[in-house]
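Look at the sequence and the model below.

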Amino acid sequence: GQGLALSLGLPRSLAQQIELALFGETVAIDAAKISFVDANGLACNRYFINECQIGIGAEVVRKTAPGRKRMGGRLAYGLRTLSLLFRYESSRLNVWVDGQEHVSRQLMGVVIGNGPITAGGMQLTPNAVLNDGALDLLIIQEQSVLQRIRSFSRIYNGRHVFLPTFESLKGRSVRIESEGLVNIAADGEFLGHLPCSIEVVPSAMNVRCRKTIWKEHYGTRIEQTEAIGV
């Protein structure tokens with residue numbers, strides 16, 4: 001899905017990528033550490049860089065076959081998301097942010113974004129900034145089928161965040177529990193299931209990129225859109 005590459009604003013041209021790798025600015029970006037339960041029921045720890053999805057997003061990752069990804073992340077993930085909109089059942093999730101219980105209700109899922117873009121172009125957490133020392137959360141409320149279809153048409157430009165069935169917030173740590181079995185995926189890989197704990201790791205790694213690309217193109221554009229009522 002090229003989520004991290006898109007979040008970093010890397011050029012698509014191979015020649016430009018090589019030039020950037022050789023001469024681009026070195027910037028420290030954050031990562032996140034996640035504790036979860038794997039498919040065998042064992043407690044695990046690992047790191048992710050761009051994003052983590054719980055619920056419907058993780059189910060999209062789990063059911064997108066590797067062969068389908070050869071079509072391109074945008075098409076493969078988009079088609080699988082669209083198919084799940086008609087049949088995915090929400091679960092009761094308990095979400096804590098920075099040690100405080102934030103929500104306990106039926107949810108379709110939660111997205112924890114370090115970067116703004118995933119799955120070939122979905123801007124699920126459009127205001128996420130890779131080096132701000134915080135994680136962006138998107139809480140996806142229960143929705144009717146019609147609401148789900150309406151939401152899907154907006155996730156590629158970030159305007160879904162203005163719909164009442166979504167909630168956005170920031171935090172440095174997150175804990176999520178569920179009453180039933182709810183899946184987790186991170187950076188396009190299926191991990192296991194809840195419960196999970198996530199915490200940001202500031203300035204975890206250095207990358208070569210255009211230093212201000214995500215702030216200029218993703219950090220302000222959604223706020224400007226809201227201001228003009230688009």
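Where is Ser90 found? In this predicted model, Ser90 is part of the loop that links helix H4 (73-84) with strand S4 (91-97). Ser90 is buried, because its relative accessible area is 16% and the limit for buried is under 20%.

What surrounds this serine? Leaving aside neighbours within four places in sequence, Ser90 is in contact with Gln106, Leu107, Met108 and Glu142. Two of these residues also meet the serine through polar contacts between side chains: the one with Gln106 is 3.2 Å, and the one with Glu142 is 2.8 Å.

Next comes helix H5, which covers residues 145-152. Which residues of helix H5 are buried? They are Arg148, Ser151 and Phe152. Seen down the axis of H5, these buried residues fall within an arc of 100 degrees, so they line one face of the helix. The general rule behind such a pattern is that an α-helix has 3.6 residues a turn, so residues three or four places apart point the same way.

How many disulfides does the model have? The count is 0. Cys196 is in no disulfide, as the nearest cysteine sulfur, that of Cys52, lies 5.8 Å away, while a disulfide needs the two sulfur atoms within 2.5 Å. Is Cys196 buried or exposed? Cys196 is buried, with a relative accessible area of 1%. Cys44, with a relative accessible area of 22%, is partly exposed.

Notes: Residues are numbered from 1 along each chain as its sequence is written. This is a predicted model: local features need pLDDT of at least 70, side-chain atom pairs count only at pLDDT 80 or more; totals for chains, interfaces and linings use all residues. Side-chain values use heavy atoms; hydrogens and water are left out. Buried means under 20% relative accessible area, exposed over 50%, partly exposed in between (1.4 Å probe, protein chains only). Helices (H or I, at least four residues) and strands (E, at least two) are DSSP runs, numbered from the N terminus. The arc is that of the directions from the helix axis to the C-beta atoms. A polar contact is a pair of N or O atoms within 3.5 Å; within protein, one must be able to donate a hydrogen and the other to accept it, and residues adjacent in sequence count only if both atoms are side-chain atoms. Contact means heavy atoms within 4.5 Å.
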